[in-house]
Each structure stands twice: as C-alpha cells, then as structure tokens.
Amino acid sequence: MFYYTQLINPSSPLAFDYVPESLTTAQIPFSPSANYERRQLDCVAASAAEALFAQASLDNICLTGVSGYRSYLSQKQLYENALKRNSTAVAAPGTSEHQSGLALDVSSPSLDFELEESFSDTTEGKWLKTHAPIHGFILRYPKRKEHITGYPFEPWHIRFVGKTLSLYLSLTGLTLEEYHGMKLTQTF
Ligand SMILES: [Zn+2]
C-alpha cells in the first residue's frame, strides 16, 4: 500500500523495483537538462505541480522544474558517478524520494537552473517556500533540521504529501521524520 504521506529516507527506503503506478509528464516548464524521465511525476503530484506553477506564473514568478522522477537505475548511476568524484551529496539508490515520483527539484532561469542554497534568498525561492504548502508540497529538507532529515538544506527540493499534511507541517515547522516519529509514539 502506498501513501502520499509516506516517509522515504535511508531508514525507510523504497524497494529497488518500485515504480510509481501512474507516472505522467508534468506540464510545467523544465530546464533544458531535464530528460523525458525527469519530466515525469506521479499523476496527482503532477496536477499539484501544474497548479503551483500556474499560480507562480500569475504572480510573475518564473520557476523551472529541474528533476522529477528518477528510476532506481538512474539514481544508481548518479550515485556511482558521485562516488567516483568522491562526493557524498547524492542519495543512495532506493533512498531518494525522486524514485517515488513525488519529489521535484525546482530552480529558475535567474539562477541558470542550478540547484543551489542561494535559491532560498531569491524572489523565486521565497515564493516557493510560501506557496508550495498551499498546493500539497513541503520543502522537504529545511534549514536547521539537517540533524533530523540527514540532508543539508535544500531549498529547491519539494515533496508532494497532500494538502492536509503540507499545511500541517508548514504551520508546525515539523519535518516528515518528526511527523512519522510522533505517529509512532501516539498511544491510542
Ligand atoms: Zn531533489
């Protein structure tokens, strides 16, 4: 059984053969580097992303998708290439949210489509942080929660969890790890 609120991280990885059932190409602007696979998202997440990007465009905010879905094999390749460069910045295969089709990396032409921490200081990055939760997305790896998520601050990585949870998490400032930890300790 699959839930939009599912926790995916190194402690709760996806099966190597997990492929989302309803991948579809998201109808949003993508960076030139995004291949066919990376333009895909789970169909509910894709509709939510389309609504988010449509609102951005109405607000004169120019956002660009950089990477949505990544299969286990693509993630494995990325990971192995990163290891060759002695970089540990890429998630191990099975532990990346991108394999779920629920995560999307977002940048903007003003940043040359780069995924950089400085995105959080741009008009586009600030807009994304405020508006993503209204459309069911959270900034999955926030600042000052690195010790909980195990990830550095990634102001570009949004994750679809559905509107109820995205609004709850943005109001409380909790991460997905903290939310799932709370559920485990509930006594009813
Ligand atoms: Zn990402």
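Which residues does proline 32 touch, not counting residues up to four places away in sequence? Proline 32 touches Arg39 and Phe113, where contact means heavy atoms within 4.5 Å. The structure is a predicted model, in which local features need pLDDT of at least 70 and side-chain atom pairs count only at pLDDT 80 or more, while totals for chains, interfaces and linings use all residues. Residues are numbered from 1 along each chain as its sequence is written, and side-chain values use heavy atoms, with hydrogens and water left out.

Proline 32 is a handy place to begin a tour of the loops. It sits in the loop between β1 and β2 (40-42); strands (E, at least two residues) and helices (H or I, at least four residues) are DSSP runs, numbered from the N terminus. With a relative accessible area of 66%, proline 32 is exposed; the classes are buried under 20%, exposed over 50% and partly exposed in between, with a 1.4 Å probe and protein chains only. Its C-alpha atom is separated by 9.7 Å from that of glycine 65, 33 residues apart along the chain. Phenylalanine 113, one of the residues touched by proline 32, belongs to the loop between β4 and α3. Phenylalanine 113 is partly exposed, at a relative accessible area of 27%.

The backbone of this residue also deserves a look. Most residues other than glycine have a negative phi. Phenylalanine 113, however, has a positive phi of about 65 degrees. Arginine 144 likewise shows a positive phi, near 65 degrees. Arginine 144 is placed in the loop between β5 and α4 (146-149) and counts as exposed, at 65% relative accessibility.

Turning to the sheet, four strands form an open arrangement in the order β3-β4-β6-β5, with antiparallel pairing; two strands pair if DSSP finds at least two bridges between them. β3 (64-67) and β5 (137-141) stand at the edges with a single partner strand each, so one side of each is left without a neighbour in the sheet. From one strand to the next, the twist averages 45 degrees. Three bridges join β3 to β4, and serine 67 has aspartate 105 in β4 as its bridge partner. Three bridges also join β4 to β6, with leucine 104 partnered by isoleucine 158 in β6.

The axes of α1 (residues 43-58) and α3 (residues 123-131) come within 11 Å and cross at roughly 130 degrees; axes are lines fitted to C-alpha atoms, for helices over the stretch in contact, and angles run from 0 to 180 degrees between N-to-C directions. That angle makes α1 oblique to α3, because angles under 35 degrees count as roughly parallel, over 145 as roughly antiparallel, 65 to 115 as roughly perpendicular and the rest as oblique. Leu52, Gln55 and Ala56 in α1 meet Trp127, Leu128 and His131 in α3.
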